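Please examine the sequence and the three-dimensional structure shown below. The paragraphs that follow lead from the chain as a whole to a sheet, its helices and a single residue.

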Amino acid sequence: MTAERKCCIGLAGNPNTGKSTVFNAWTGLKQHTGNWSGKTVGMASGNFRLGDDTAELVDLPGIYSLFSDRAEESCARAFLACARPDAVVAVIDATCLERNLPLVLQVMELTEHMVICLNLADEAEKKGIRVDTAALSAALGVPVVSTAARSGRGLEELREVLCKAVREKMIPRRTSFHDSFPQTFAYLQSALAELLPQSHQMPLWLDFVLEGDAMWEDAAFAEQAEELRRIGKKAQDLLAAEGGAITEYAQIRSMAFQKRAEEIAAAVCVKQTAWDVRTERIDRVILRKKTGIPLMLLLLGMVFWITVAGANIPSGWLMEGFQRLGVSCRWLLESLQTPIWLESLLMDGVFLTVSWVVSVMLPPMAIFFPLFTLLEDFGLLPRIAFQMDGLFQRSGAHGKQALTLCMGFGCNAAGVTACRIIDSPRERLIAILTNNFVPCNGRFPTIILLAGIFLSAGKPWLSGIAVFLVVGLSIGLTLAVSFLLSHTILRGIPSAFVLELPPYRRPQIGQILLRSLLDRTIFVLGRAITVAVPAGAIIWIFQNVPVGGGTLLNELATLLDPLGGMMGLSGVILAAFLLGMPANEIVLPILLMCYSSSGMLIEGEGMMQTGQMLAANGWSWTTALCAILFSLNHFPCATTLWTIRKETGSWKWTAVSFLLPTAVGVLLCTTVHGGLICLGLA
């Protein structure tokens with residue numbers, strides 16, 4: 001370690017090995033731990049004490065191999081090869097040694113300072129699995145420390161061994177896979193010895209140059225980039241002359257790592273029992289289609305019900321609090337002699353819109369996200385994806401889209417952000433574009449209210465069936481549009497879906513609450529408020545600025561009347577949807593504002609009063625049905641649109657995400673309304 005450069009430690013490993021748990025324990029930061037590959041696409045870093053110094057710990061994405069073009073593999077490979085950490089801690093699962101060792105062997109080709117963290121030793125003991133750490137250390141040529149990171153066992157010993165490994169150069173027992181093509185790699189070795197500094201002359205660098213890896217085109221190698229390309233091209237010609245090809249060599253290399261991993265695992269691992277009995281017993285029920293799918297639907301239904309039912313009370317509390325705050329703010333503006341129009345703009349426009357967004361969005365997100373994270377931490381979400389994988393694969397989409405779809409039921413913006421877990425850019429884009437087809441928690445109140453008023457016939461269970469059918473329709477439309485996209489503008493070959501089913505684990509409640517509130521709830525709410533402030537001003541302007549004999553809102557409604565009539569709605573209803581873009585929750589209040597001519601957002605005093613006001617303005621059960629269908633299928637809210645822009649980096653795909661569900665909604669409403677007219681029901 002030098003005074004000029006802080007010691008840097010890389011933390012590498014497969015998903016579900018407890019890598020992020022080690023990171024959290026050492027740095028005190030809370031890094032989200034997912035149960036499937038690619039959950040963490042970026043790299044987290046934090047400081048920790050290593051001996052007498054402060055070192056930087058970098059948590060790499062959970063990966064299975066360094067040889068892939070997937071985002072997380074590229075990220076980890078570039079860091080290990082180019083950033084040159086002072087040491088690497090490879091975290092492996094003691095219960096799945098054979099599957100974890102290939103990555104360890106690959107990382108050993110890039111460093112001479114490495115420590116193996118044999119984690120989940122407690123779970124291995126429960127399963128009757130014993131790993132000889134001394135024999136494993138001898139086989140690999142690097143230190144091995146047995147740990148149980150969730151309980152803190154072995155972490156101090158690991159820190160001490162790591163401190164020693166940073167100072168001492170090791171001789172790891174590397175895997176031989178260059179022997180099949182001696183001329184090619186002899187040439188690469190001699191050519192790179194003159195071109196690259198010694199710190200970069202590790203065995204895998206030969207492969208990176210041979211395969212034309214883009215990471216050595218980084219600014220740090222700008223001067224050598226052209227020469228590296230030339231060397232790589234010549235090496236490929238030599239490889240062909242020796243009777244090989246890049247794909248053939250890649251297969252030989254992969255098999256070499258796998259074979260050695262199998263040999264080492266067989267030599268150092270003793271299994272007294274082959275299964276985790278508890279996990280096996282639960283999976284006998286959960287993973288069977290006859291019982292698993294109904295149970296998953298029931299479980300998700302309970303999460304939705306708890307979210308909707310539980311959000312009502314805190315939402316009311318927040319609204320009451322905002323009303324009291326509004327009185328104080330209005331008094332302050334009056335005492336400052338603020339112009340009446342500005343006071344109205346700030347209070348009846350901006351403040352009221354923001355208060356609606358926060359009051360209606362915060363409670364359900366604060367309930368839904370911890371529940372969703374609880375399922376994830378327990379190990380159920382990967383199993384939901386496993387059950388849904390077949391449906392999405394037949395749609396040309398990715399099985400992990402089932403998880404992003406579930407997240408979309410809570411908040412579409414959060415669902416779009418969750419699409420990062422999908423590795424394929426094409427399939428990730430399909431998931432982003434179709435996430436809005438499932439109703440978020442902001443649309444559920446409108447759907448439930450209209451179903452209860454117009455479709456229940458005085459029987460509450462009928463409205464429940466109607467809402468259930470709406471949810472089923474949303475999933476069907478998601479699959480249908482995914483199929484359409486994957487066979488038209490986003491045509492491509494479905495990617496392989498490797499999903500690890502982790503053992504069931506006791507959730508860490510404290511971490512769940514912290515990361516679900518900070519990483520998801522506050523993140524999404526912050527974006528919503530950013531959008532709601534200017535949108536509130538726009539809503540006020542449309543309702544209060546006179547144009548001709550009415551207001552801008554009247555003019556907009558008149559302009560939209562022909563389209564609204566064709567869809568079984570009206571121009572006023574479509575205008576409410578447009579002005580409700582800041583948050584779907586305020587569509588109905590805007591509609592009531594239009595009908596009451598109050599000039600500000602209002603809330604119906606109850607279901608009966610709201611129904612009477614809607615009926616007095618020409619609503620019937622067919623109007624309600626079309627409004628429900630359009631609420632299910634229309635443009636995303638402003639927060640979701642902004643999130644899509646951030647995630648895709650493209651205004652084009654943001655525009656597609658706006659137009660696609662809107663076109664489906666217009667077509668669906670027009671078809672249903674036309675059909676009802678033909679049947680004499682409208």
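**A guided reading of the chain**

The chain has 27 helices and ten strands; helices (H or I, at least four residues) and strands (E, at least two) are DSSP runs, numbered from the N terminus. This is a predicted model, in which local features need pLDDT of at least 70 and side-chain atom pairs count only at pLDDT 80 or more, while totals for chains, interfaces and linings use all residues. Residues are numbered from 1 along each chain as its sequence is written, and side-chain values use heavy atoms, with hydrogens and water left out.

Of the 682 residues of the chain, 55% count as buried. Here buried means under 20% relative accessible area, exposed means over 50%, and partly exposed lies in between (1.4 Å probe, protein chains only). Contact means heavy atoms within 4.5 Å. Among contacts between residues at least 6 apart in sequence, 74% join residues at least 24 apart.

Consider next the sheet. Strands of a sheet pair through backbone hydrogen bonds, either parallel or antiparallel. Six strands form an open sheet here, in the order S2-S3-S1-S4-S5-S7, with mixed pairing; two strands pair if DSSP finds at least two bridges between them. Strand S2 (44–50) and strand S7 (144–146) stand at the edges with a single partner strand each, so one side of each is left without a neighbour in the sheet. On average, neighbouring strands of this sheet are turned by 25° against each other, direction ignored. Axes are lines fitted to C-alpha atoms, for helices over the stretch in contact, and angles run from 0 to 180 degrees between N-to-C directions.

Individual pairings can now be followed. Five bridges join strand S1 (residues 8–13) to strand S4 (residues 87–93) in the parallel sense, and alanine 12 has alanine 90 of S4 as its bridge partner. S4 also pairs with S5 in the parallel sense, over six bridges; valine 88 has methionine 114 of S5 as its bridge partner. S5 and S7 run parallel and are joined by three bridges.

Helix H1 (residues 19–27) lies across S1, S2, strand S3 (53–59), S4 and strand S5 (114–119), running at about 55° to S2. Helix H5 (residues 133–140) packs on the sheet and touches S4, S5 and S7, and its direction makes about 155° with that of S7.

Glutamine 106 is located in helix H3. At 5% relative accessibility, this glutamine counts as buried. Not counting residues up to four places away in sequence, glutamine 106 touches Ser65, Leu66, Phe67, Leu204 and Phe257.

H9 is followed by glycine 243, whose phi is positive, near 85°.
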